[in-house]
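The sequence and the structure are shown first.

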Amino acid sequence: MDHKPHPDLLHDRVILVTGAADGLGRAASLAYATSGATVILLGRTIKKLERVYDEIERGGCRQPAIYPMNLEGATPRDYEELAAKVQSEFGRRDGLLHNAAELGDLRPIAQFDVLTWVKTLQVNLTAPLLLTQALLSLLLKADDSSIVFTHDAVADEGNAYWGAYGASKGGALALMRILANELEANTRVRVNAIRPCPVATGLRLRAYPAENRETLPKPEELMETYLYLMGPESIGVTGQVLDAKPSV
């Protein structure tokens, strides 16, 4: 990916980011705001969301919005209320980044806790489905809109011990492709996935506690791909998985 976004790439667009409080979600929210978008910051920890909100405001960008939601326990009614709130306050939706993720436990399938399995799939697979369903009518009204899933190579490789996380990421990729095929013919909604390289995030640290984080790129270094898929230059690109790596 060698994409150099211009400063107003996302001018006047409204984009919702899940898991916006830290890591790749925070970096994407800042990148989208810097490129002209109004960003809705969705996450479960209000204080962390407020810090991202303040960063965006200090940068002189459009005022963002905070929407606290715990995806683990959210019901279909919660997503309907979110969609109604977005409709009433913004009247549109141009982009949706599914970034929030639950790691769960790294252990053999034979020993995997069922409750942990359900919780992990709820956040990583069911929540993107319900959120997409709730916001799809708004996305369909946009001149061009983009839904972006966050993928992980461990699901492609079927790595041992990745349990519910690996299974849910594989399921989310299948969901992305099904949705892309359904929307490709008669809508202006494109649906793709980003597969980030190993990056210094909290989730990565929990999965690899002995790894030296100083050897990993920072989330901010991967944003060219995130901007490309959310901006108009990716019109016509759908059903694809794009790798996100630091720009050279």
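Which element supplies the largest share of the lining of the second largest cavity? The helix α6 does, with three residues.

## Basis of the model

The structure is a predicted model, in which local features need pLDDT of at least 70 and side-chain atom pairs count only at pLDDT 80 or more, while totals for chains, interfaces and linings use all residues. Residues are numbered from 1 along each chain as its sequence is written, and side-chain values use heavy atoms, with hydrogens and water left out.

## Cavities

Two cavities of 30 Å³ or more are found in a search of the whole structure. A cavity is a set of points, on a 1 Å grid over the protein atoms alone, where a 1.4 Å probe fits but cannot get out; its lining residues have an atom within 4 Å of a point. Grid points are joined across faces, edges and corners, and the volume is the space filled by probe spheres set on the points. Helices (H or I, at least four residues) and strands (E, at least two) are DSSP runs, numbered from the N terminus.

The largest cavity has a volume of about 110 Å³. Its lining comprises 14 residues, and those nearest the centre are His-98, Ala-100, Val-123, Asn-124 and Pro-128. At least two lining residues come from each of α4 (114–141), β5 (145–150) and α6 (163–184), with α4 giving the largest share, five residues. By class, eight of the lining residues are nonpolar, five polar and one charged; Ala, Val, Leu, Ile, Met, Phe, Trp, Tyr, Cys and Pro count as nonpolar, Asp, Glu, Lys and Arg as charged, and the others, Gly among them, as polar.

For the second largest cavity the volume is about 30 Å³. The residues that line this cavity are Phe-149, Thr-150, His-151, Lys-169, Ala-172, Leu-173 and Ala-193. Two or more of them are given by each of β5 and α6. The lining divides into four nonpolar, two polar and one charged residues.

The whole structure contains 17 salt bridges, each defined as a side-chain nitrogen of Lys or Arg within 4 Å of a carboxyl oxygen of Asp or Glu. In one of them, Asp-144 pairs with Arg-13, and the closest N and O atoms are 3.0 Å apart. This pair joins distant parts of the chain, 131 residues apart: Asp-144 is in the loop between α4 and β5, and Arg-13 is in the segment before β1 (14–18). Asp-144 is buried, at 11% relative accessible area, and Arg-13 is also buried, at 10% (buried means under 20% relative accessible area, exposed over 50%, partly exposed in between, with a 1.4 Å probe and protein chains only).

A salt bridge also forms between Lys-48 and Asp-22, with the closest N and O atoms 3.4 Å apart. Lys-48 belongs to helix α2 (residues 46–58) and Asp-22 to the loop between β1 and α1 (23–34), 26 residues apart. Lys-48 is partly exposed at 31%, and Asp-22 is partly exposed at 40%.

## A helical pair and a network

Arg-77 and Glu-80 form a salt bridge whose closest N and O atoms are 3.4 Å apart. Both residues lie in helix α3 (residues 76–89), three residues apart, about one turn of the helix. Arg-77 is exposed, with a relative accessible area of 52%, whereas Glu-80 is partly exposed, at 44%.

Salt bridges also link Asp-12, Arg-62, Arg-92 and Asp-94 in a network.

Note on methods:
On a 1 Å grid over the protein atoms alone, a cavity is a set of points where a 1.4 Å probe fits but cannot get out, and a pocket is an open set with protein on both sides within 12 Å along at least five of seven lines; lining residues have an atom within 4 Å of a point.
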